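I opened this notebook to record what I looked up in one structure.

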Amino acid sequence: MYYREAGRLVKSFASDRRMLPLMEDRWIVIAFLAFMYIVVTATASDYLFSAILIPMMVLGVATLGLNIATGYTGQLSLGTAGFMCFGAFAAFNLVLRLEMYLPFAFFFAGVIAGLVGIVFGLPALRIKGFYLIVSTLAAQFFAEWVFNAYPWFLDNNSSGVVALPPHHYKVFLGQESTPFNAVFWHSYQGRYLITLTITLLLVLACKNMVRSATGRNWMAVRDMDIAANVIGISVAKTKLMAFFISTFYCGVAGAMYAYCYIGNLDFMIFNLRRSFLIMFMVIVGGLGSILGSFLGAIFVYGWPILITRMGDWIFGGGTLDTAFVENNSKIVVGTIIIVLLIREPGGFAALWLTTKKKLRSWPFAN
Amino acid sequence: MAFFLEVLVGGLLSGVMYSLVAIGFVLIYKSSGVFNFAQGTMLLLAALTFVSMTERQVDFKIAFIITLVMMVVLGIIVERTVMRPLANQSLLSLFMATVGLNYFLEGLAQGVWDSAVHGLELGISNDPIFLIDEFPALGLDIIISQFDIAAAVIAGTMILGLTLFFQYTRTGLSLRAVSDDHMAAMAVGIPLNRIWAIVWAVTGVICLIAGLLWGDRVSVSFTLTAAVLKGLPVILIGGLTSIPGAIVGGLIIGASEKLGEIYLAELFGGQGIEHWWAYTTALIFLMIRPTGIFGEKQIERV
């Protein structure tokens, strides 16, 4: 096949530093983005936007966040949903109290979640390995507790759930309540486009971080922190940096989860089970892989939907009850995790790499 | 003072319930380095199986024996299908595998039985004891739950038994050797797979006992899996490799939880702080001793 690096000589530093050195890869990415931006936006149904595409991208960003901490830096974290919760509430309060424009609120919600992440990451400087999960679990339970105990964060709403009011959405790029704003934010296309763009920016940032000194430091600390220290990497700085970036991603994901996906604010949905679900996405997708984060999110989120749909299709509508689907998808996801760990510890991302390797030498055997 | 003592004793006794869960954790971690997250679900599976059988008019003893056999078989199957193929993998993948196992068993337990809430009555009296009436000599005017004492006695017996088993039997010696160094243990001819199968089977039995006691206390339902979250800070305080640590950690967490609830909750707006308070306590202990009170200190070399 032509799809390989051999014989492609770089002639300038700029081309040597390219993110995607292969022309085919660049074309694939451009074609994929064009498809997502043009074809999907123009043709997809509201159901597809609201129940499939937006949540998958949002969860993919959260998975990417966890992957930065666990996959790239080797710090086990079970508090992902808690950090998402901090992000969602931060965005809500920024919009409510400072009347911030929503995209900026997303950014600063990420920053606030990141600062919280640094606080809960501090014990990582002294505690290692499994003992560290105590800190991130503390973050998870603290988040669930603090937003329950202090209704101030919810604008003193006693019910515990706030439907996000339309005027939160109306500000966009400095314009107050133009028809464009209203149409843009309240159509699924608009929310989809904003989610897609934020996701794209975050992925680009992450890709550039992991292929630069920042990412190499993370991986050095992951592989052996003492050795990393010996070659002059500041382990403390690297770990805290990883926690900050990781929780920044989780915070932005949480804010998008509330504003772009479900449209209300509820601390109950950011529970420990969601943390675990996101960890499954990381395992299934592949530790330390950006593509894997999204593949994992797509699979773990999409599987129960697929089962329900197939059940409806085979047995007629509404025959499979939710408990059956839930138990079934638990069994299947659990089995897949174990089988993947045994057969392919790198997850779906590694499967993709193997395919690519095979494609390179096709039609010859390896 | 009497009130403080009552809270303290109540906390210590409820801490023993946490220790019950923690022992299973420690046993597996000590002998194979696996952090078994499926502990809570194994607890649920055992209790749910037992309850479902007694509800179908199966005799108490027969149901107990059937569940016991099932848990032992389950332990052996888990060793065969999950742990053996993953031998010598990184500790993180082993942990992830048990998380997968957790999901699998969760779906299975609720798929085979149901997800309703079952009551479980073991026949242990739940009446409180007034210590001043029973033992006037102590001069303590406090109330203690009889059930808590029974649970404490069972946990104490189990720990004593396990400690003796580890110290004085040949299998216990092999277990200690394996926990020290897999490779070296295999080199001197200890059958690693058989040892692991034994450990998982014993853990299954511990899960059954803990599951029944917890089930009697809080009823058998999905929330039982949360027991694992109660056990986590306990073993982290005690040290992942120490069985006595599980007891000491349980007592510390139990006492700190109850005392925190009574004396600290006011500071935080009177809302239940016990969920994160246990973890904060654990965090404070870990900041002082990063591998727990009795945990082995890890020496790392480049």
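I worked from a predicted model, in which local features need pLDDT of at least 70, side-chain atom pairs count only at pLDDT 80 or more, and totals for chains, interfaces and linings use all residues. Residues are numbered from 1 along each chain as its sequence is written, and chains are lettered from A and ligands numbered from 1 in the order in which they are written.

Entry: loop residue. I located A:Leu132 in the loop between helix H5 (102-121) and helix H6 (133-149) of chain A; helices are DSSP runs of H or I with at least four residues, numbered from the N terminus. I noted A:Leu132 as buried because it has 24 C-beta neighbours inside 10 Å (buried requires 20 or more other C-beta atoms within 10 Å, with C-beta atoms placed from the backbone). I found its C-alpha atom 8.9 Å from that of A:Gly121, eleven residues away along the chain.

Entry: chain contact. I recorded 36 residues from chain A and 39 residues from chain B in the contact (two residues are in contact if their C-beta atoms, placed from the backbone, lie within 7 Å). On the chain B side, H4(B) gives the largest share, 13 residues.

Entry: helix pair. I saw that the axes of H2 (residues 39-55) and H9 (residues 192-218) of chain B come within 8 Å and cross at roughly 70° (axes are lines fitted to C-alpha atoms, for helices over the stretch in contact, and angles run from 0 to 180 degrees between N-to-C directions).

How values were computed: Helix = DSSP H or I, 4+ residues; strand = E, 2+ residues; numbered from the N terminus. Buried ≥ 20, exposed ≤ 12 C-beta atoms within 10 Å, placed from the backbone.
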